[in-house]
Amino acid sequence: MAAIITGLIPILRTAVDATTSYKCRSLWFGFLCIRLVILFLAELPFTKLGSDFSCNSTDIICVNLCFNKHFHKPTAVAWNFIYVLFVLSVFVMELFTSHLCSVYQKRSAHAKKDVELDSGGKGESPVSSTEAKSRMVLDLHNDRGTVGFYLFSIFLRILVELWFLYVLIFWNLPALSDDAHKCSTDVCSKTLICALRAAPEKRMSIYALASISGLIIICSVTFCIYSIAHYIFKV
């Protein structure tokens with residue numbers, strides 16, 4: 001639980017303290033938090049994967065070889081790496097909005113100096129202090145470049161989630177069968193019978209991760225269609 005809190009604090013701080021916002025920003029940061037919690041819970045059944053795998057042999061070398069042969073695709077490390085890619089797909093838009101905010105602030109500062117010079121140095125400003133401190137919201141209606149970059153970040157998110165679903169369904173799920181399987185190696189003289197303990201619980205972790213990933217894909221595709229229709233074609 002401490003790891004979840006440690007991971008959620010910087011995400012929530014970034015979401016709250018930002019001076020620039022855009023459409024559905026809270027939704028993407030919400031998915032970051034939910035995904036982190038589910039990722040932490042899904043990894044719990046896999047913490048003792050080596051001890052849950054057993055064979056009808058006391059030869060540790062043969063058992064380890066069968067384990068490596070059965071679980072020849074990464075699990076938790078691949079999940080964490082793909083989560084980092086998911087975070088990067090969100091932060092790409094954050095960096096872009098930060099750049100736009102910096103450009104806007106520079107233009108506002110130059111405009112303020114020009115007004116002060118025109119008013120004879122009386123210090124009058126066209127922007128009040130409360131307006132300067134308020135959060136700037138990107139206008140996606142008048143800038144197709146911003147819309148294109150936003151769609152690009154969402155496309156990256158969709159690709160990351162599709163890859164994640166592929167890893168879950170085709171890499172991890174087939175190795176979590178309830179049935180015992182035979183294992184033969186070049187080092188061991190006889191064929192071993194191996195089985196995995198608590199396989200249903202491990203499959204539940206796969207289903208949970210696949211569910212949140214599918215939900216992210218659905219929301220991303222829906223918003224892509226909405227953005228193209230609403231901001232580009234003005235439907």
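These legends describe close-up views of a predicted model. Local features need pLDDT of at least 70 and side-chain atom pairs 80 or more, while totals for chains, interfaces and linings use all residues. Residues are numbered from 1 along each chain as its sequence is written, and side-chain values use heavy atoms, without hydrogens or water.

**View 1. Helix α2 packs on helix α8.** α2 spans residues 25-43 and α8 residues 199-232. Helices are DSSP runs of H or I, at least four residues; strands are E runs, at least two. The angle is about 165°, and the axes lie 9 Å apart. The two helices are therefore roughly antiparallel (angle over 145 degrees). Contact (heavy atoms within 4.5 Å) involves W28, F31, I34, R35, I38, L39 and A42 of α2. From α8 come S205, A208, L209, I212, L215, I216, C219, S220 and F223.

**View 2. W28, F53 and W79 in the largest nonpolar core.** A nonpolar core joins buried Ala, Val, Leu, Ile, Met, Phe, Trp, Tyr and Cys residues through side-chain atoms within 4.5 Å. Elements giving two or more residues include β2 (53-55), α4 (60-70), α5 (76-118) and β5 (192-196).

**View 3. The surroundings of W79.** Residues up to four places away in sequence are not counted. W79 touches, among others, L39, A42, F46, F164, I206 and L209. E43 and N172 also touch W79.

**View 4. S153 in helix α7.** α7 covers residues 144-172. Beyond neighbours within four places in sequence, S153 contacts S89, V92 and M93.

Technical notes: Axes are lines fitted to C-alpha atoms, for helices over the stretch in contact, and angles run from 0 to 180 degrees between N-to-C directions. Angles under 35 degrees count as roughly parallel, over 145 as roughly antiparallel, 65 to 115 as roughly perpendicular and the rest as oblique. Buried means under 20% relative accessible area, exposed over 50%, partly exposed in between (1.4 Å probe, protein chains only).
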